[in-house]
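Reader: I am new to this structure. Could you walk me through it in short steps?

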Amino acid sequence: MSVLDSKIPSGPLAEKWTKHKNDINLVNPANKRNIDVIVIGTGLAGASASATLAELGYNVKTFCFQDSPRRAHSIAAQGGINAAKNYQGDGDSNYRLFYDTVKGGDYRSREANVYRLAEVSGNIIDQCVAQGVPFAREYGGLLDNRSFGGVLVSRTFYAKGQTGQQLLLGAYSAMNRQINRGKIQSHTRHEMMDLVLVDGKARGIIARNLVTGEIERHAAHAVVLASGGYGNVFLLSTNAMGSNVTAAWRAHRKGAFFANPCFTQIHPTCIPVSGDLQAKLTLMSESLRNDGRIWVPKKKEDAKAIQEGRLKPTEIKEEDRDYYLERRYPAFGNLVPRDVASRAAKERCDAGYGVNKTGQAVYLDFASAIERYGKEKAFSSGNKDASHEEIIKLGKEVVEAKYGNLFDMYEKITDQNPYETPMMIFPAVHYTMGGLWVDYNLMTTIPGCYATGEANFSDHGANRLGASALMQGLADGYFVLPYTIGDYLSNDIQTGPISTESKEFEEAEKSVRNQIDKLMNAKGDKPADYFHRKLGLIMWNKCGMSRNEKELKEAIEEIAELREDFYKNVRVTGKPNVKNQELEKAMRVADFLELGELFAKDALHRNESCGGHFREEYQTEEGEALRDDENFRYVAAWEYKGEPKEAVLHKEELVYENIELKTRSYK
Amino acid sequence: MKLNLKIWRQENKDAQGKFENYNIDNIHGDMSFLEMLDVLNNQLVEENIEPVEFDHDCREGICGMCSLQINGEPHGPDRRITTCQLHMRRFKDGDTITIEPFRANAFPVVRDLAVDRSAFDRIQQAGGYISVNTSGNTQDANSLPIQKENADMAFNAATCIGCGACVAACKNASAMLFTSAKVSQYALLPQGKVEATERVLNMVDQMDKEGFGNCTNTGACEIECPKGISLENIARLNREYLSASLKG
Amino acid sequence: MGGIKTSIARKVAMALSGLFLVLFLLQHFTINFTSVVSPDTFNEISHFMGTNFLVQAVLQPILIFGVIFHFVMGFILEAKNRSARSVKYGVYNGGANASWMSRNMLISGAVVLAFLGLHFYDFWVHEMQVKYLEGDMTGLNQAGEFRYYEETVAKFAGQPIRVGLYVIAFVFLMLHLLHGFASSFQTMGVNNKYSSAIKKFTKAFAIVIPLGFAFVAIFHFINH
């Protein structure tokens with residue numbers, strides 16, 4: 001019998017959420033004033049939750065490591081946010097969004113959660129428009145949509161290539177309103193160092209003030225972790241430099257189960273790695289796959305000539321190009337889901353058809369889109385027999401209007417003009433579907449500790465569809481957590497303020513201080529970055545886009561060794577009681593070094609391929625992922641037992657009552 | 001390439017700061033400016049010297065966390081990018097690069113090159129929002145058509161990343177471009193009109209309290225803004241402010 | 001000026017007083033220019049301006065107030081702006097993002113202000129002396145003709161130093177106007193489809209008017 005109770009309400013799928021909202025306990029407005037909630041992280045999930053909780057009347061304290069709540073990494077999301085509005089009249093519905101998400105996640109997500117997500121998705125758009133989020137509009141003044149990978153409808157709302165920014169600034173503005181009302185206390189440049197449990201319940205945190213180095217105690221009746229994903233365990237990812245697993249990992253160490261850590265999304269369209277000292281990778285929005293065609297040369301000798309710089313992509317004739325996604329997946333073509341597109345790119349590069357110096361890149365070509373748009377534009381502006389040059393010029397203008405900022409960004413980084421020569425792209429770590437295990441109420445296995453957004457595991461299964469992360473973050477924060485948390489807090493109306501003078505706070509603070517001392521006193525000579533880089537290489541090479549038993553076992557050993565090496569040989573310069581970025585980094589790397597091992601352990605135990613998790617031993621003859629629903633149709637939730645290798649597996653069986661499990665096909 | 005770096009070091013906001021010289025070698029043109037600083041910092045740690053503190057996060061030009069005054073210009077010599085998008089191919093072997101924090105009394109130095117820009121947050125808190133509840137009972141998004149032209153202008157204003165380059169570039173350390181971007185975004189949308197009067201008065205009031213200088217229309221902010229926020233927004237802010245003041 | 005408390009209000013006051021002074025410049029130049037075309041017209045207008053009650057008792061004080069307000073406010077703003085950045089940059093490449101004119105309004109303004117001292121000494125002090133201390137409101141010289149034209153000419157004819165100083169001052173006035181005139185529209189919130197036309201007009205004005213003043217001075221220097 002599993003210890004995991006997902007608390008999914010009974011009843012028909014479409015009525016579960018409404019029924020649940022009617023059934024759960026509420027806290028009356030007068031009592032909310034006496035209840036404090038801590039929110040860690042101010043990205044979409046954290047900022048939206050803080051704003052709504054404060055608006056409902058709770059006293060909210062927010063924490064972020066950045067210098068302003070507005071800088072959380074949700075801001076970097078480019079392409080868009082999904083919502084089943086069916087404004088385009090192309091047959092979209094809550095069910096279809098639900099279905100696409102479960103299928104896109106390769107049947108490893110929870111039906112009830114995903115349906116709820118689809119159900120509230122439309123409301124997000126209403127909410128954001130009311131807040132003044134400037135979504136893209138059509139000439140008629142109504143909202144515009146575009147299409148994203150893995151779906152057959154246009155349901156993605158966007159604000160040029162800066163959708164995440166606009167949504168986050170919307171949530172940040174809602175937060176500002178509550179800060180101005182005195183209902184939110186915002187703590188910036190603070191890092192959560194530990195979760196404090198009193199009588200088995202989450203009752204506060206220990207935080208480090210990153211400017212003064214002070215170790216602070218903060219108490220509350222509940223703690224919400226909206227601290228994002230852990231893609232930086234790979235070092236090179238599209239995450240921000242500061243994105244880290246520390247908050248989630250400390251909660252894990254205190255008893256929150258960590259679910260499906262190996263489910264990582266490798267995004268197919270990133271700018272390829274350019275050098276050994278690179279610090280991060282840059283994403284090129286998935287929206288580019290609406291118009292860009294992905295290809296590599298058909299002939300190996302052409303690929304070789306390109307790698308050696310003897311041949312230019314524009315010199316390769318149409319019939320000598322292999323548009324491998326269109327070839328392999330005629331129904332979805334260039335818009336297959338991310339995991340599929342990434343693996344296909346890797347397959348071509350491994351076979352020797354890659355196109356940059358290292359052979360680790362494929363082309364994303366806009367030439368035919370430019371020509372197509374140019375023709376349309378020439379035709380619609382009355383120029384029926386435009387010359388080729390005129391068509392190309394007009395086409396470039398259209399493409400510039402759609403993707404100008406992305407093209408500029410590409411040129412700034414690579415020094416190549418994507419209007420003239422195809423972009424080079426390669427998959428990179430982007431998002432982690434895994435995260436803290438939560439029930440239907442978004443509560444972790446620690447009572448009173450909640451996880452929202454990318455920090456939890458719940459909605460995307462083994463692979464996330466494009467434009468769904470923003471949807472989930474805001475759904476959790478605006479519409480789900482603020483209600484479900486009331487059910488728990490209704491028991492706390494008579495608790496009164498939580499004291500920070502208890503022995504639990506004392507102990508937690510002491511353990512944080514001990515860890516800091518241990519790192520400050522390490523007698524090594526290597527910066528934390530050195531270990532992070534090594535960890536990243538192990539993760540990418542052995543737990544990356546494709547995994548096998550042998551390498552995963554090696555990875556587990558190597559990470560454990562590296563962890564030992566780290567504590568011996570790291571050097572943290574300076575003092576702990578001032579701003580000290582080396583100390584910040586070292587503490588984050590320490591947690592990544594534990595998570596990395598659990599990640600490999602999880603990948604090793606899952607003897608199947610699904611979504612972003614591809615085990616070489618489990619594939620079809622055509623090289624597609626081979627799922628094992630019989631044995632692995634469950635969420636793997638790991639319980640901390642001291643060392644990552646001691647972690648204990650708990651299974652939450654996934655039940656599919658409204659959807660038929662099928663082999664995912666995009667052909 | 002080899003470079004000579006002249007970097008501002010300052011222990012904390014009250015300490016006296018000064019420039020230190022550092023030499024760095026093996027810098028590649030494809031590296032970003034911040035990757036160059038990463039290399040310097042790792043080198044310093046290995047020499048057991050405290051590395052240079054600087055703010056950075058997304059490293060793709062959108063979070064607004066990175067700053068740096070590079071050779072006398074915020075975000076360096078290139079236009080329409082942030083420091084994290086500046087690449088070393090822009091510099092030559094043997095160059096001396098002076099790196100300072102964004103300077104303004106309203107942006108006290110936290111340490112070395114990192115500054116405290118919370119004044120910007122406080123300006124936003126004074127009115128940079130629409131007072132609508134977030135708990136979900138709003139009208140359908142498409143029940144309010146908005147002229148595309150205005151929606152696009154509002155979007156352009158809303159792309160401000162709050163990095164503070166406008167303040168850093170301005171000879172008066174004025175925050176008008178930043179403030180005007182938010183005021184404009186809401187002034188251009190029907191949702192924002194309801195509170196327009198109070199918003200502009202409160203935000204300008206807070207801006208003044210923070211100790212920023214006055215705008216003298218030099219236009220430096222627009223040139224240095226990594227997102228190209230237009231001076232039109234400042235004109236709009238002036239207009240909004242004037243009409244709000246007249247309304248009382 | 002204590003009543004003008006916010007940054008934008010001060011800026012608007014600066015713009016309005018500036019615009020008022022621009023109008024005055026236009027009027028002043030128009031009158032000056034008649035001295036080149038028709039000395040008689042110049043004499044008549046000068047006499048009217050110098051003796052009309054409204055001009056003398058109402059407009060003149062307003063003008064003086066405008067000038068004083070503009071430069072006092074200018075100095076206050078400059079001082080405030082400087083104090084907004086007490087630790088200066090080690091390297092500041094101001095030329096990279098803003099014109100010299102826009103960054104140095106204080107310098108161009110101060111030069112114009114210094115010139116005003118000379119100009120007042122040259123003309124205004126003398127007028128006040130004759131009209132209000134000596135009580136001679138006739139505007140006539142000993143020969144019984146209007147004195148204004150000949151007095152004006154006398155200031156420039158054979159006076160290379162004064163003409164030189166005037167020309168230098170007009171160059172600075174030009175620099176001041178090149179930024180200030182256009183800038184006042186921006187401050188008043190004018191930024192629309194007419195903006196580029198306004199910019200062109202203000203630029204042309206900023207160049208033509210000071211050149212015109214200089215031309216008048218040089219004309220009298222050369223022709224007499």
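Predicted model: local features only at pLDDT ≥ 70, side-chain atom pairs only at ≥ 80, totals over all residues.

Reader: Which pair of chains has the most contacts?
Author: Two pairs of chains touch. Chain A and chain C have no contact. Of the pairs that touch, the one with the most contacts is chains A and B.

Reader: How far apart are the closest C-alpha atoms of chain A and chain C?
Author: No contact joins these two chains. Their closest C-alpha atoms are separated by 20 Å.

Reader: Which helix gives the largest share of the side of chain A that touches chain B?
Author: The contact draws 70 residues from chain A and 69 residues from chain B. Several helices of chain A each supply at least two residues to that side, among them α3 (44-56), α5 (111-130) and α12 (388-414). The largest share is nine residues, and the helix that gives it is α6(A).

Reader: How many charged residues are on that side of chain A, the one that touches chain B?
Author: Sort the side by class. It has 27 nonpolar and 26 polar residues. The charged residues number 17.

Reader: Which element gives the largest share of the side of chain C that touches chain B?
Author: Here 32 residues come from chain C and 38 residues from chain B. The elements of chain C that give two or more residues are α1 (7-37), α3 (53-83), α4 (100-103) and α7 (160-187). By class, the side of chain C has 13 nonpolar, 14 polar and five charged residues. Its largest share, five residues, comes from α1(C).

Reader: Now chain B itself. What share of its residues is buried?
Author: Chain B has nine helices and seven strands. Its C-alpha atoms fill a box of roughly 60 × 35 × 35 Å along the principal axes. Of its 248 residues, the buried share is 60%.

Reader: In chain B, what share of contacts between residues at least 6 apart in sequence joins residues at least 24 apart?
Author: Start from the contacts between residues at least 6 apart in sequence. Those that join residues at least 24 apart make up 70%.

Reader: How far apart are the C-alpha centres of the two domains of chain B?
Author: The domain assignment gives domain 1 (3-111) and domain 2 (118-247). Their contact takes 18 residues from domain 1 and 16 residues from domain 2. On the domain 1 side, eight are nonpolar, seven polar and three charged. The C-alpha centres of the two domains are separated by 29 Å.

Reader: Are α3(B) and α5(B) roughly parallel or roughly antiparallel?
Author: The axes of α3 (residues 148-158) and α5 (residues 176-187) of chain B come within 8 Å and cross at roughly 155 degrees. An angle over 145 degrees counts as roughly antiparallel. Therefore α3(B) and α5(B) are roughly antiparallel.

Reader: Which residues of α5(B) meet α3(B)?
Author: The crossing of α3(B) past α5(B) is left-handed. From α3(B) come B:A154, B:A157 and B:A158. The contact has four nonpolar, two polar and no charged residues. On the α5(B) side are B:A181, B:S184 and B:Q185.

Reader: Last, C:V111. Is C:V111 exposed or partly exposed?
Author: C:V111 sits in helix α5 (residues 105-133) of chain C. Leaving aside neighbours within four places in sequence, C:V111 is in contact with C:A169 and C:F172. Exposed would need 12 or fewer neighbours, and buried 20 or more. C:V111 has 18 C-beta neighbours inside 10 Å, so it counts as partly exposed.

Methods: Residues numbered from 1 in each chain as written. Chains lettered and ligands numbered in written order. Contact = placed C-beta atoms within 7 Å. Helix = DSSP H or I, 4+ residues; strand = E, 2+ residues; numbered from the N terminus. Nonpolar A, V, L, I, M, F, W, Y, C, P; charged D, E, K, R; others polar. Axes fitted to C-alpha atoms, helices over the stretch in contact; angles between N-to-C directions. Parallel < 35°, antiparallel > 145°, perpendicular 65-115°, else oblique. Left-handed = near helix turned anticlockwise from the far one by under 90°. Domains from an automatic or database assignment.
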